[in-house]
There are 2 protein chains.
Amino acid sequence: MGGARGAVGGYWSAGVARVAGGGGQWRGAGEASPPPGSRLGATAGAHRPPRLLPPRPAEEVAKPEQGQVVTPWDVAGGADGAIDYDKITKEFGCSLISDALIERIEKCTGVRAHHFLRRGIFFAHRELEKIVEAHEQGKKFYLYTGRGPSSEALHLGHLVPFMFTKWLQDAFKCPLVIQLTDDEKCLWRDLKYEEALRLARENARDIIACGFDPEKTFIFSDFEYMGGPFYVNVNKIAGLVTFNQARGIFGFDGSANIGKIGFPAVQAAPAFPDSFPHMFGTNKKLRCLIPCAIDQDPYFRMTRDVAPRCGYVKCSLIESRFFPALQGESGKMSASDTTSAVFVTDTPKQIKSKINKYAFSGGQATVEEHREKGANLAVDVPWKYLNFFMEDDERLQQIGREYESGQMLTGEIKAALIEVLQGICKTHQENRAAVTDEVLQRFMTPRQMDNLWG
Amino acid sequence: MGGARGAVGGYWSAGVARVAGGGGQWRGAGEASPPPGSRLGATAGAHRPPRLLPPRPAEEVAKPEQGQVVTPWDVAGGADGAIDYDKITKEFGCSLISDALIERIEKCTGVRAHHFLRRGIFFAHRELEKIVEAHEQGKKFYLYTGRGPSSEALHLGHLVPFMFTKWLQDAFKCPLVIQLTDDEKCLWRDLKYEEALRLARENARDIIACGFDPEKTFIFSDFEYMGGPFYVNVNKIAGLVTFNQARGIFGFDGSANIGKIGFPAVQAAPAFPDSFPHMFGTNKKLRCLIPCAIDQDPYFRMTRDVAPRCGYVKCSLIESRFFPALQGESGKMSASDTTSAVFVTDTPKQIKSKINKYAFSGGQATVEEHREKGANLAVDVPWKYLNFFMEDDERLQQIGREYESGQMLTGEIKAALIEVLQGICKTHQENRAAVTDEVLQRFMTPRQMDNLWG
């Protein structure tokens with residue numbers, strides 16, 4: 001088969017690695033499939049280590065021998081199960097985010113870079129420098145991200161793009177639109193639309209809980225918001241993309257339903273500012289920055305291609321790696337497998353138990369061996385998760401050093417992770433509980449927004 | 001090339017023959033093209049003569065040797081330029097309307113059948129008997145028709161389906177929705193959406209001028225009405241039709257844009273009653289009858305196929321022949337060629353001049369020859385037009401007899417036609433002038449309609 005479509009993830013995949021298992025709907029037989037045993041493959045970070053770790057020589061890392069597959073619906077690593085991010089970046093034609101660009105962002109915002117940026121979790125981009133340049137010149141832009149509401153059970157990986165987007169909104173003080181593609185989920189997942197709409201609203205509560213500014217943020221369900229200027233833009237875009245092009249970009253074949261074939265125009269349209277007249281009027285030249293996982297790149301490559309032909313500026317992108325399953329990068333996070341991920345609804349006890357039981361360890365089999373050889377950070381899930389969620393750089397570095405040298409044991413790094421995750425989930429649960437129907441309605445109502453740029 | 005896409009017509013083609021000339025966008029080279037000289041080919045009526053004429057033996061009529069092409073975008077006759085309606089009916093799999101069915105309609109409505117029905121202009125159907133049966137049993141149904149607003153200049157052919165729909169509304173006292181596919185025109189004609197919207201509203205004025213009941217009629221532009229329950233139904237339908245199926249039905253190939261490929265779901269959705277919650281609530285079982293020209297049949301074949309899978313009743317159809325150009329059935333009516341058609345905006349003088357100059361005559365070259373041989377009604381445009389627009393059956397029959405026998409001259413039948421058309425255009429112009437912005441707005445506002453079934 002090849003790349004699997006995870007039960008969570010999909011469109012706006014939240015940077016989730018969804019590798020192996022399940023039936024890949026979009027890829028034919030014979031395409032890249034992780035071989036048996038590949039679940040313990042090399043880390044994704046190997047090719048571009050998290051910035052806080054000393055770089056390791058490239059030859060240490062097994063290069064994928066089989067082609068990996070990364071599309072908006074499938075993510076499958078190469079022969080070793082790992083995702084080769086350099087390869088994706090090259091194939092997609094996007095750029096790596098340089099340290100210089102990060103420094104420039106810090107300088108023009110006056111805010112320290114988010115650790116997702118410092119640690120190379122958001123690692124690639126398209127024309128991010130144009131956004132930074134605009135900001136330096138006092139020009140405006142807006143943020144656009146989204147989620148495909150296929151599941152009520154969000155896991156931590158789903159929060160990654162929203163945590164980062166929240167930081168971007170605060171740092172750049174800019175408006176944000178968040179698309180919930182309930183329509184897409186009906187086309188791909190055969191959801192009933194009532195259920196898709198319900199999930200969209202439930203997911204919106206989790207998104208709001210990430211702390212977005214209600215004066216600057218518009219969250220919309222496609223089913224609810226489709227129409228008028230938004231539909232005009234969907235129509236414009238759809239008129240400029242042929243089936244052959246869509247097939248080339250997304251791999252559609254003749255058995256794809258016509259809704260799927262047309263859907264890329266729906267995901268593209270929010271990158272055109274006049275899709276939101278209540279926010280941006282008829283301004284066609286406002287820049288748009290899209291934070292997303294790298295697997296969403298094909299949508300916006302298409303969008304960028306079409307934009308100038310409709311009189312718009314090409315959108316910029318800032319793109320993240322995938323968030324690994326508890327079982328490691330080639331594992332699959334699934335809402336139906338509660339042992340595969342930490343969910344935002346998990347209790348402290350569940351978190352502790354999951355991490356201790358299921359988080360794949362790069363530590364050695366015995367304490368003696370571990371003290372002698374140290375941990376293999378490249379495959380260690382607690383270490384990867386800490387890179388995502390521990391904010392304190394110094395403590396993270398210290399943990400990395402001690403764990404890699406064998407001074408720290410697996411139980412100890414897991415304990416550190418458990419503490420961090422319990423804190424994140426507790427805060428999220430509290431924030432989510434505070435999202436009343438009125439708050440939800442406020443975010444999701446198309447409305448005059450007078451303080452967009454304040 | 002093959003079938004041409006006329007500059008007027010297209011979607012909801014208003015029963016317009018759009019044959020020959022122009023570049024056929026949807027058909028490849030080598031397909032049926034009217035041969036030189038075929039412009040004087042046999043009449044469409046030949047295979048199913050207008051009901052008021054005595055049937056002529058089938059062998060008199062040249063059978064098409066080359067395949068004719070009838071799709072929602074192309075209409076091209078066979079080798080002789082004529083449309084073989086029996087063949088279309090058979091190929092499409094719809095049924096001819098029997099005299100018994102017409103009588104049943106008259107009986108259950110208590111209204112004499114419209115002359116379009118009596119004369120076989122609306123000649124084919126799908127499950128029309130189900131609608132009649134429902135009406136007989138006191139059950140409700142609604143009407144759905146539409147227009148692709150590609151032109152401001154409507155000709156008489158454009159009025160045909162609306163005249164008939166108006167009659168249906170009055171006879172069955174039922175609600176009506178009219179779709180203006182401005183979105184489709186942007187995809188196929190490369191119109192700017194502002195222009196498409198403007199044309200939609202201008203065309204709506206002409207439609208309203210046909211006399212629809214504002215208490216029972218909702219006219220909508222796709223750009224304006226897309227969204228909510230309507231979009232939900234578009235999405236449902238699109239999810240059930242594969243590209244391969246759409247290619248089979250509509251002839252799409254890989255160079256078609258993804259908007260075109262998805263569009264059939266937009267034309268299908270109004271056949272599902274809950275696309276109009278302000279009219280029909282959430283009723284999924286209400287029947288729908290669609291009056292349209294026969295070339296729209298593929299859309300609704302697809303719609304009928306999908307309906308039961310979404311929990312709806314299959315829509316019924318009542319389908320018309322094409323309205324011929326002044327130059328005859330193989331001519332092409334075009335807004336850019338004012339000599340090809342009588343437009344609803346024409347003055348009495350223009351009408352007189354056009355009919356006298358351009359209406360193709362089946363009369364003989366000299367008065368002597370005409371007196372001797374009589375006229376060939378099968379190719380005579382004034383005769384065909386009178387069948388469409390002269391309401392008085394007796395007078396029409398008399399004209400037919402006298403003209404065919406040579407007793408009436410071409411100039412005389414043309415004079416009769418001129419009088420009828422001048423009357424229709426004058427009335428239409430007066431009615432249209434009375435359509436104020438407020439009236440237009442009323443028809444086009446989604447609104448609670450309390451007198452839908454009165």
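Select chain A and chain B together in this predicted model, and begin with how the two copies are related: chain B can be laid on chain A with an RMSD of 0.0 Å by a turn of 180 degrees and a shift of 0.0 Å along the axis. That is the relation of a two-fold axis. To find where this axis runs in the viewer, select B:G227, whose C-alpha lies 2.3 Å from the rotation axis and comes closest to the axis among the residues of chain B.

**Where the chains meet**

The size of an interface is often given as the accessible area lost when the parts come together. Here chain B and chain A bury about 2400 Å² between them, and 69% of that area is on carbon and sulfur atoms.

If polar contacts are then displayed between chain B and chain A, the count is 20 residue pairs, with both residues at pLDDT 80 or more. Salt bridges, by contrast, number 0 across the interface of chain B and chain A.

**Salt bridges elsewhere**

Over all chains the structure holds 46 salt bridges, and a few of them can be visited one after another. Start in chain A with A:E202 and A:R205, which form a salt bridge whose closest N and O atoms are 3.7 Å apart. These two residues are separated by about one helical turn, because they are 3 residues apart in helix α7 (residues 193-208) of chain A. Are A:E202 and A:R205 buried or exposed? Both A:E202 and A:R205 are buried.

Move on to A:D213 and A:K216, another salt bridge of chain A, with the closest N and O atoms 3.4 Å apart. A:D213 is partly exposed, with a relative accessible area of 23%, whereas A:K216 is buried, with a relative accessible area of 6%.

In chain B, select B:K130 and B:E127, whose side chains meet in a salt bridge at 3.1 Å, N to O. Of this pair, B:K130 is partly exposed, with a relative accessible area of 29%.

**Cysteines**

Finally, show the cysteine sulfurs, bearing in mind that a search of the whole structure finds 0 disulfides over all chains. A:C186 is in no disulfide, and the nearest cysteine sulfur, that of B:C310, is 11 Å away; A:C186 counts as buried, at 12% relative accessibility. B:C210 is likewise in no disulfide, and the nearest cysteine sulfur to B:C210 is that of B:C425, 11 Å away. At 14% relative accessibility, B:C210 counts as buried.

Conventions
Residues numbered from 1 in each chain as written. Chains lettered and ligands numbered in written order. Predicted model: local features only at pLDDT ≥ 70, side-chain atom pairs only at ≥ 80, totals over all residues. Heavy atoms only, no water. Least-squares fit on C-alpha atoms with pLDDT ≥ 70 in both. Disulfide = S-S within 2.5 Å. Buried < 20%, exposed > 50% of the residue type's maximum accessible area, 1.4 Å probe, protein only. Buried area = accessible area lost by both parts, 1.4 Å probe. Salt bridge = Lys/Arg side-chain N within 4 Å of Asp/Glu carboxyl O. Polar contact = N/O pair within 3.5 Å; in protein donor to acceptor, adjacent residues only side chain to side chain. Helix = DSSP H or I, 4+ residues; strand = E, 2+ residues; numbered from the N terminus.
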